[in-house]
Every structure is written in C-alpha cells, then in structure tokens.
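Dear colleague,

Please find below the structure that I am handing over to you, together with its sequence. My notes on what was found follow it.

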Amino acid sequence: MRITVLGKSPAWQDAGGACTGYLIEEAGTTLLLDCGNGVFAKLRERVDYVDVDAVLITHLHADHFIDLVPYSYALLLTPRQQPVPVAGHPGTDDPARPRLIAPPGSLQTFRNVVGSWGDEALIEEAFLIEEYDRDSTVEIGPLTATFAEVPHFVLTHAVNLTSTEVPGRFTFGADCRPNDELVEFARDTDLLLIEATLPRPERTGIRGHLTPAEAGEHGRRAGAKRVVLTHISDELDAEWAREEGSRAFGGPVEMARAGDVYEV
C-alpha cells in the first residue's frame, strides 16, 4: 500500500500547499482519502482524476471535503466526459463516476453547500455516493476500510486500511481531541498518521484537536510501529513539533510533508 501526502495543512492552507488529502494506491486501485482545500489540484499532479476509483471522506468539515466541488465540475464538464464529441474528444457513453464514501448525513450536507449557488445535485451527479457508519466494512478493490468514531466538533471517523495483497495496516486518525477510541482502534498498527494541530490545548477548554505531544502519546499507547504527525500549519515550527511528539512517543516520529510517500 502506497500513501502519498497531497495536503497536510489544517483548516488554512500552507503557502503553496493544500488541506487534508492522501492518495492511496494498491494493486491498480486508487483511493483518495479526504479532499480538502487545494487537494484536487495536487491530485492532478499525481494521477488522472478520472482514474480514481473512490474518494473516502472522514468528516464534514470543509478542509476535508470542499474540493469535491471542483472535482465534481471536472467530472461533469470536461470535454472527454461528454456523451457527444467535443473539442477533439470522441465522446463517451461511460463517463467516469467514482465512488464517494462518506459519513452519515453527507448527502444533505453536500446539497446544502452547493445548493447555496443553485446546483444542489452537483456532487451526487458527479459521484456515486454511499454513506458508511462506525460499524461498516467497505471494500475498495484489494483495500478494506473499517471505521471508529473519534471525538471532534462533528461526527468524525478514524480509518483503518488493510490490503489483500500485502500484510500491514495503515491507520488515519482524522481530526480528534485526546481520546481512548483512537488508541484502541490503532492498536499495533504499522503506520499511524495522526493530527497534531495545536501548539497548546485550546484556551477555551473545549477540545477538538491534539498537540504534537498528545499525538505522540496516542501513538505510544497504541503501540504503533511508526507515527507521522500531520494536520500542522507551516506556521508551527516543525522541528519543535517533531521533538515534542518524539519525546511523548518514546522514539522518533516523522512530520508529514506534501509529496511524502509511505509504504505499508
């Protein structure tokens, strides 16, 4: 399983970067995990968007799904997706329509978002939408996705991915505050990609994200073999975050960067 970081920013993009998005490739299957601001352009640098088999969304915050909008326009409007010849393209009776695997309530949220400018069916016309919950098991080619609810400001799911082709497990923690659910879900995982958004806990006392030290502690408690910190702004000192995370993990952690590739 090959995991490429397309974007690792929190809710505001790094300069020249993108918010949450990870390209998962395994035995000819292509999965996009989250599709935040700027991710669609980064995806196009790596693969042809019509060749993506599925998009999996962890939760309904804009920095994790909003680039479904330009992705939808591309799938519906590009000349090669039309049923008749257009601008040198022969036309097709079988335009690409990737699966869109999303949490409960997604369809209505997508309609509300794009309906604000009068085209509420945009995303559902471009993608084949299917909703999952914490008890779901989703097959995407050789990949199997399972889920756990983790505490955040909205319903959010961490994701475990395994493959029938190779041993090993990849765990994506999504966004979360300190919790036991992710620790148990990620138990003994080969690669834990975990958010480390904050330099210190939220001043309001209402928690929704982790600090680098908290992220490292979650990795240690889970017994993860490898920990990568993500969802971090370029305005937060990366070396400080790495040191904080490593100290809490009890070994070296890594910092996600756009373009990094991990193998499981």
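**Cysteines**

With two cysteine sulfur atoms required to lie within 2.5 Å of each other, the count of disulfides comes to 0. C19 takes part in no disulfide, and the nearest cysteine sulfur, that of C35, is 11 Å away. Please bear in mind throughout that this is a predicted model. A disulfide is a covalent bond between the sulfur atoms of two cysteines. For C176, the closest cysteine sulfur is that of C19, at 17 Å, which is too far for a bond. As to accessibility, C19 is buried, with a relative accessible area of 0%, and C176 is likewise buried at 0% relative accessibility.

**The sheet that includes β1**

Seven strands make up an open sheet with mixed pairing, in the order β6-β5-β4-β3-β2-β1-β14. The edges are taken by β6 (128–131) and β14 (261–263); each has a single partner strand, so one side of each is left without a neighbour in the sheet. From one strand to the next, the twist averages 20°. Helix α1 packs on this sheet, where it touches β1, β2 and β3, and the direction of α1 makes about 135° with that of β1. One of the residues involved is R99, whose bridge partner in β6 is L128.

**The two sides of helix α1**

Which residues of α1 (residues 39–46) are buried? They are V39, F40, K42 and L43. These residues lie on the same side of α1 because they cover an arc of only 160° around the axis. R44 and E45, on the other side of α1, are exposed. The partners against which the buried residues of α1 pack are β1 (2–7), β2 (21–26), β3 (29–33) and the helix α3 (68–77).

T144 stands opposite T162 in β9.

Is H231 buried or exposed? At 4% relative accessibility, H231 counts as buried, the limit for that term being under 20% relative accessible area. The side chain of H231 makes a polar contact of 2.8 Å with the side chain of T197 and a polar contact of 3.3 Å with that of D175. Leaving aside neighbours within four places in sequence, the residues in contact with H231 include K8, S9, P10 and T20. D63, H64, E195, A196 and H209 are also among the contacts of H231.

Yours sincerely

Notes. Residues numbered from 1 in each chain as written. Predicted model: local features only at pLDDT ≥ 70, side-chain atom pairs only at ≥ 80, totals over all residues. Heavy atoms only, no water. Buried < 20%, exposed > 50% of the residue type's maximum accessible area, 1.4 Å probe, protein only. Helix = DSSP H or I, 4+ residues; strand = E, 2+ residues; numbered from the N terminus. Arc of directions from axis to C-beta. Contact = heavy atoms within 4.5 Å. Pairing = 2+ DSSP bridges. Axes fitted to C-alpha atoms, helices over the stretch in contact; angles between N-to-C directions. Polar contact = N/O pair within 3.5 Å; in protein donor to acceptor, adjacent residues only side chain to side chain.
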